[in-house]
Amino acid sequence: MPFTQKIVPNRILIYAKDVMNITGRSERTARKILQQIRQAKGKKKGDMITVVEFCQFTGIDQQQVADFLL
């Protein structure tokens with residue numbers, strides 16, 4: 001049986017740990033940033049934040065973030 005490579009699709013969601021790694025900020029600050037994005041987008045507590053929303057809010061280039069998350 002030949003080995004088949006498992007391809008992981010690009011993620012569309014961003015988490016506090018990702019924000020920490022991208023920005024170099026603490027976990028608390030990363031969670032605050034995600035909360036600010038939720039408020040700006042009219043989302044409820046616990047709603048997911050997409051990479052696109054994060055990039056629009058922070059002004060960071062979407063391709064750089066996508067490359068970082070690979």
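Helices here are DSSP runs of H or I, at least four residues long, numbered from the N terminus. By that rule, Gln35 of this predicted model lies in helix α2, residues 27–41. Gln35 is partly exposed, with a relative accessible area of 29%. Its C-alpha atom is separated by 8.8 Å from that of Gly46, eleven residues apart along the chain.

Next comes the core. In general, nonpolar side chains tend to be buried together in soluble globular proteins. The largest nonpolar core in this model has 13 residues. Those that touch the most other members are Ile14, Val19, Leu34, Ile37, Val51, Phe54 and Val65. Four helices each supply at least two residues of this core: α1 (16–23), α2, α3 (51–58) and α4 (62–69). Helix α2 gives the most, with four residues.

Take Val51 from that list.

Now look at how two of the helices meet. Helices α2 and α3 pack at an angle of about 95°, and their axes are 10 Å apart. Angles of 65 to 115 degrees count as roughly perpendicular, so α2 is roughly perpendicular to α3. On the α2 side, the contact uses Ile33, Gln36, Ile37, Ala40 and Lys41. On the α3 side, Glu53, Phe54, Gln56 and Phe57 take part. These residues divide into five nonpolar, two polar and two charged.

Charged pairs come last. Side chains of opposite charge can pair when their charged atoms come close. The structure holds three salt bridges.

One joins the side chains of Asp18 and Arg11, at 3.1 Å from N to O. Asp18 is buried, with a relative accessible area of 10%. Arg11 is partly exposed, at 38%.

Another joins the side chains of Glu27 and Arg31, at 2.8 Å from N to O. Both residues lie in helix α2, four residues apart, or about one turn of the helix. Glu27 is partly exposed at 39% relative accessibility, and Arg31 is partly exposed at 49%.

Glu53 lies in helix α3 and Lys43 in the loop between α2 and β2 (49–50), so the pair ties together parts ten residues apart in sequence. Glu53 is buried, with a relative accessible area of 14%. Lys43 is partly exposed, at 26%.

How values were computed:
Residues are numbered from 1 along each chain as its sequence is written. This is a predicted model: local features need pLDDT of at least 70, side-chain atom pairs count only at pLDDT 80 or more; totals for chains, interfaces and linings use all residues. Side-chain values use heavy atoms; hydrogens and water are left out. Buried means under 20% relative accessible area, exposed over 50%, partly exposed in between (1.4 Å probe, protein chains only). A nonpolar core is a set of buried Ala, Val, Leu, Ile, Met, Phe, Trp, Tyr and Cys residues joined through side-chain atoms within 4.5 Å. Axes are lines fitted to C-alpha atoms, for helices over the stretch in contact, and angles run from 0 to 180 degrees between N-to-C directions. Angles under 35 degrees count as roughly parallel, over 145 as roughly antiparallel, 65 to 115 as roughly perpendicular and the rest as oblique. Contact means heavy atoms within 4.5 Å. Ala, Val, Leu, Ile, Met, Phe, Trp, Tyr, Cys and Pro count as nonpolar, Asp, Glu, Lys and Arg as charged, and the others, Gly among them, as polar. A salt bridge is a side-chain nitrogen of Lys or Arg within 4 Å of a carboxyl oxygen of Asp or Glu.
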